[in-house]
Amino acid sequence: MKKPVIGILCGVSELDYKERKITQFYTFNDYNTAVLKHNGIPILITPPKEIDYAKTKKEDITPLTEEEKSVLIDALSICDGFIMPGGSKTFEHNYFIDSYLKEHNIPTLGICLGMQVMAINETKQRPVRLANDNHFRTNHDVKITGKILKNILNKELINVNSYHFYNMLDVGSYTISALSPDGVIEAIEDDNSLFRLGVQWHPERLLENENSKKIFEAFINAAIEYKNNK
């Protein structure tokens, strides 16, 4: 059995390099390692436009052309699963990719900002800034409320690592699958998909943790199932 190919969407940032700033497309090594450790083949998916994403204002970025959409579709067609990673910026291509993944039932794991993209794409509502920073660089418990996540973890309460400032108030048709003690939505799931799970925490940073292992195992297993049924 060949290993499933897992797409990872690159982030965009500026990098100081030899006294000048350059734009870089990046992903954190933790995502790559998580896929490799669970017998997947990671590939990086970059934005499709020939622009400087870090220096161009969002309002100045033109909508995706049909050719640019086609480039993304060709890249996504290679993937048996997809990770929508954390980060600080989103663009039109984030939401186009998420829509394509959902439409074609490609197993998707959204992490932090990736989870927010999944919810925003459905509700068209932005997250709200939390009143305090008690979800940034900290650990806290979450109560598991969704059947998919509960089946994966076989637990009703887990401790997670937290690195975010925002909270989704509306997740549309998604099931809320985890909540923090102060009511922040910590995970969402789609009962009608092969695998669509978004978590607000970062399991890729805790790869030796039993709960993180189970999440990635379930995701990769779904990607294998998708691959076998292509």
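Student: How much space lies in the second largest cavity?

Tutor: Rolling a probe the size of a water molecule over the atoms shows where empty space is left. A cavity is a set of points, on a 1 Å grid over the protein atoms alone, where a 1.4 Å probe fits but cannot get out, and its volume is the space filled by probe spheres set on the points, which are joined across faces, edges and corners. Here the second largest cavity holds about 40 Å³. This is a predicted model, in which local features need pLDDT of at least 70 and side-chain atom pairs count only at pLDDT 80 or more, while totals for chains, interfaces and linings use all residues. Residues are numbered from 1 along each chain as its sequence is written, and side-chain values use heavy atoms, with hydrogens and water left out.

Student: Which residues line the second largest cavity?

Tutor: Lining residues have an atom within 4 Å of a point; among them here are Ile158, Trp201, Leu206 and Ser212. Strand E9 gives the largest share, 4 residues, and both E9 and helix H6 (210-228) give two or more, where strands (E, at least two residues) and helices (H or I, at least four) are DSSP runs numbered from the N terminus.

Student: What is the volume of the largest cavity, and which residues lie nearest its centre?

Tutor: The largest cavity has a volume of about 220 Å³, and of its 20 lining residues Cys10, Gly11, Gly86, Lys89 and Asn94 lie nearest the centre. Helix H4 (113-123) gives the most to this lining, with 3 residues.

Methods:
1 Å grid on protein atoms, 1.4 Å probe; cavity = no way out; pocket = protein on both sides within 12 Å on 5 of 7 lines; lining within 4 Å.
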